[in-house]
Amino acid sequence: MADTPAREHRTASRVTTILEIVAASPAGVRLSELAVQLDAPKPSVFGLAKGLVATGYLLEDEGTYRLGPALDTLIAPSRPDLTELTRPVLQSLRHQFNETVMLGTRVGASLVYVATAESDQPIKYTAPLRHRRPLYPPSAGKVLLAFWSEHRRDAYLQSLFTDADALANARHDLDTVRRDGVSFNRGETLPDVSAVARPLRVGDRVVAAIAVAGPTSRVTPQFDAIAAALVDAAAAAQRRIS
């Protein structure tokens, strides 16, 4: 049962989406806006929002919803945040290659970048923070996906690919990532952007990925050098978070 692929549950998805919408709107969100963004009936959204108010995850002020104290009070990290602990490592890599460096984690079945050290070159890759994106084919997502169980990984890939050849290629790609501990994105997400990533572990568990990304013309000639530098960077980051 523990290895059964997770599937979306409508109520759970609506609750988490409400929280994400409100978190992205510091001025607050009204019920009508939530209903539109969820494409759900107002009465249903109203009941969920009121439930979140009752448990402290939302605050309501004259019909406008904002994040409540429960998030900070009940589930705040008990130790320094992963982004703060790894920031010096990201900055060191950025200084070495002057390309954008990202720290990516898995949120459900999505990749989310939680920290970045941006290149200062005029033409660069800018990674949007705290936005969900697919685990495949971004390099950081490949790293996170490659270390899932084969059953769970295949269930995810089958939700993406209907073509048998494309599915087989993705499986082979992830098998290689798991074997070598490094992933490459050769313009698969954006034609002009390429990236390299390695896993960040706590014990035997992959908790994040560090990736370096930039224009394909600049990054691909440095693939080997970046991959080698990421070995030391990941080790340094792991020492900071362990």
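The structure is a predicted model, in which local features need pLDDT of at least 70, side-chain atom pairs count only at pLDDT 80 or more, and totals for chains, interfaces and linings use all residues. Residues are numbered from 1 along each chain as its sequence is written, and side-chain values use heavy atoms, with hydrogens and water left out.

The protein chain has 10 helices and 9 strands; these are DSSP runs (helices H or I, at least four residues; strands E, at least two), numbered from the N terminus. The radius of gyration of the protein chain is 20 Å, close to the 18 Å that the globule rule gives for 242 residues, so the chain is as compact as a globular protein of that length. That radius is taken over C-alpha atoms, and the rule is 2.2 Å times the number of residues to the power 0.38. The domain assignment gives domain 1 (10-75) and domain 2 (82-241), with bounds from an automatic or database assignment. The C-alpha centres of domain 1 and domain 2 lie 31 Å apart.

Turning to the backbone, a cis peptide bond joins Tyr136 and Pro137, with omega about 20°. Pro137 sits in the loop between strand S6 (133-134) and helix H6 (139-146). Glu62, although not a glycine, has a positive phi of about 50°, and is found in the loop between strand S2 (58-61) and strand S3 (64-67). Asn98, also not a glycine, has a positive phi near 50°; its loop runs between helix H5 (82-97) and strand S4 (100-107).
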